Amino acid sequence: MAGPARVPVVDVQSDNLAELWPSMVLALRSATFVAVDTELSGLGARKLLLSPCIEERYKAVCSAARTRSVLSLGVACFKQLPEKSENTYLCQIYNLTLLCTEDYVVEPQSVQFLVQHGFDFNKQYSQGIPYHKGNDKGNESQSLSVRTLFLELIRAKKPLILHNGLIDLVFLYQCFYAHLPENLGTFTADLSEMFPAGIYDTKYASEFETRFVASYLEYAYKKCKRENCKLRESSAQHLTVEFCNYPADMSRYIDYRYCSLEEDSHSSAAGGNKVPVCEKFSAYGWCPKGVKCPESHNIDLIIDEDDKLWEKRKKRKHRWKHRKNMKVLATAFQQESSGDNMEQAQNGEEGPPRKQSCYEPAAAIELAEIAPNGEGRPLEEISMDMETEVSSDTSTQWEENLGGTERTDQGTATQSPSARGNASDSDQAEKKSKVGSGSASHPATCETEAAGAAGKKEAHGPPSQGGTHRAGFDAFMTGYIMAYVWMLKQGKNTDPSAGPWLPDCHNKLYLSGKSVPLQIVKSLFSKSSKAHSEKIKLAWDTA
């Protein structure tokens with residue numbers, strides 16, 4: 001892959017919704033899985049969002065969903081193409097600009113972040129697709145609206161993919177489905193019936209399956225893409241993504257995103273005068289200085305530095321093991337054991353995955369209080385990315401984590417830890433963009449992500465800027481991560497129709513500061529909400 005990959009994102013607003021509706025419904029129904037992302041107007045009090053009590057967290061997110069709104073919705077439909085090479089997908093991506101018709105709170109820091117990343121509020125208020133929150137008002141099931149599109153997503157019964165998805169799910173439920181239930185048990189019971197094919201969280205997969213050092217969205221995406229390039233170059237099993245080549249009459253709807261590949265950044269970095277990497281952004285995926293930060297937020301450079309540090313630590317670990325094996329006398333071993341234990345901790349033998357550059361939780365919380373809304377980043381990223389429960393030895397399993405990522409270079413799956421979580425890595429400033437979709441009424445040919453650059457190069461912004469944040473493109477990145485993880489986990493003998501689509505990640509939502517996920521199940525002690533029971537019956541009756 002030389003040059004940037006061109007990722008087409010179909011912009012959907014009120015003036016073209018009817019025209020694009022058939023293609024969106026077809027994409028949902030024919031997809032193998034669907035990735036979703038949202039841009040929000042705010043999240044409210046972040047301390048409650050990090051409460052040790054998960055029920056309290058749920059109530060805090062519910063309060064935000066009732067008073068804030070979804071500004072844009074990203075939907076990326078990944079369709080497996082078995083007639084082509086193994087692990088090949090056709091990806092169709094939509095970015096829906098929305099406008100809530102009810103009063104809602106807009107938080108200045110969220111607006112600032114979105115404007116910095118190209119969100120057009122004039123377009124939202126002039127062409128946003130209108131919607132209302134809560135329960136249906138009359139017979140809406142046959143109308144062309146975002147609420148009906150969400151119903152189509154439920155009817156499709158496809159695996160739903162999100163990144164750090166609890167907040168997204170709460171907002172999706174309140175804004176496009178029905179009034180939220182009062183307790184978490186009822187909410188998870190409803191979700192288990194709404195999405196019987198399962199809900200998958202790529203933040204959880206990045207930490208517990210691929211064991212990446214960092215798991216914020218753009219880092220996980222570029223890490224997967226880089227490792228996938230290695231697999232392809234070695235002629236191993238690898239992931240291929242194709243996009244639609246849309247006809248000229250649709251060009252006014254298509255926003256092409258150019259996703260730079262690591263080779264480009266490598267060549268630019270090799271020229272010397274490299275801007276130092278911002279440690280805060282490297283660890284958490286966000287920086288309170290935002291685009292004003294003088295240090296680099298370039299994800300490729302961050303991954304380069306992580307890889308170099310991994311190689312250094314691996315060599316040191318081998319030297320340490322050699323010295324350990326040379327100890328013959330038990331008495332000598334006992335005398336030096338304390339020193340060995342210290343070296344063992346430094347070399348990463350135990351503990352959950354964590355970047356050495358990550359700040360301690362107390363400092364992170366202090367940061368959040370000084371700049372409570374995180375200048376230059378959306379509220380949802382601050383609130384859910386600050387981790388609160390970190391053990392004192394969190395820096396000691398670096399090699400194990402990176403060892404897991406190294407194993408992915410050979411295209412083999414790595415086992416996830418059963419009871420550990422990366423409690424130190426903040427959930428990051430991952431706001432998303434979008435991708436185009438093939439249409440029933442607009443036939444399109446396909447182009448791979450390696451193609452489509454057509455000699456064009458995206459002008460790179462200042463070194464401090466990282467990635468492109470739009471709901472559609474973020475949905476694409478989320479889906480790409482899950483497709484890559486599934487390729488690693490399934491091997492060659494797994495039948496995707498037998499049991500859950502990806503059992504190790506099935507119905508598990510990442511929880512900041514917790515070493516165990518939130519399980520999306522209907523327990524024996526909870527029942528579905530009345531609003532959901534009525535809505536789901538309507539969905540099947542009108543299907």
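**Ground rules**

I am working with a predicted model, where local features need pLDDT of at least 70, side-chain atom pairs count only at pLDDT 80 or more, and totals for chains, interfaces and linings use all residues. I number residues from 1 along each chain as its sequence is written, and side-chain values use heavy atoms, leaving out hydrogens and water.

**Confidence**

I checked pLDDT, the predictor's confidence in each residue, from 0 to 100. The mean for the protein is 74, and 65% of its residues reach 70 or more. Residues 262-271 have a pLDDT below 50, and this stretch has 15 contacts in the model beyond near neighbours in sequence. Residues 342-445 are also below 50, and there I find 369 contacts beyond near neighbours in sequence. A contact means heavy atoms within 4.5 Å.

**Lys157 again**

I placed Lys157 in the loop between helix 6 and strand 6 (160-162). Helices (H or I, at least four residues) and strands (E, at least two) are DSSP runs, numbered from the N terminus. Phi of Lys157 is near 55°, a positive value in a residue other than glycine. Most residues other than glycine have a negative phi. Lys157 also lies over the face of Trp540, 4.7 Å from the ring centre. To count, NZ of Lys or CZ of Arg must be within 6 Å of the ring centre and within 35 degrees of the ring normal. I noted Arg6 over the face of Tyr256 too, at 4.1 Å from the ring centre.

**Asn507**

Phi of Asn507 is likewise positive, near 55°. I found Asn507 in the loop between helix 18 (471-490) and strand 11 (508-509), and at 11% relative accessibility Asn507 counts as buried.

**Helix 19**

I followed helix 19 over residues 530-541: its twelve residues reach 17 Å from first C-alpha to last, close to the 16 Å expected at 1.5 Å a residue. That expected span is 1.5 Å times one less than the number of residues. Which residues of helix 19 are buried? They are His532, Lys535, Ile536 and Ala539. They cover an arc of only 95° around the axis, so they sit on the same side of helix 19. The arc is taken from the directions from the helix axis to the C-beta atoms. On the other side, Lys530, Glu534, Lys537 and Asp541 are exposed. The buried residues of helix 19 pack against helix 6 (146-156), helix 7 (166-176) and helix 8 (184-194).

**Aromatic pairs**

I see 20 aromatic pairs in the structure. Rings of Phe, Tyr and Trp (its six-membered ring) pair if their centres lie within 6.5 Å; planes under 30 degrees apart are stacked, over 60 edge-to-face, and the rest tilted. Phe33 and Tyr89 pair edge-to-face, 5.7 Å centre to centre with 65° between the planes. Phe33 is in strand 2 (residues 33-40) and Tyr89 in strand 4 (residues 88-100), 56 residues apart. Tyr58 and Phe187 form a tilted pair, at 5.2 Å and 35°. Tyr58 lies in helix 3 (residues 54-67) and Phe187 in helix 8, so the pair ties together parts 129 residues apart in sequence. Finally, I noted a cluster linked by ring pairs, including Phe33, Tyr89, Tyr221 and Phe473.

Conventions: Buried < 20%, exposed > 50% of the residue type's maximum accessible area, 1.4 Å probe, protein only.
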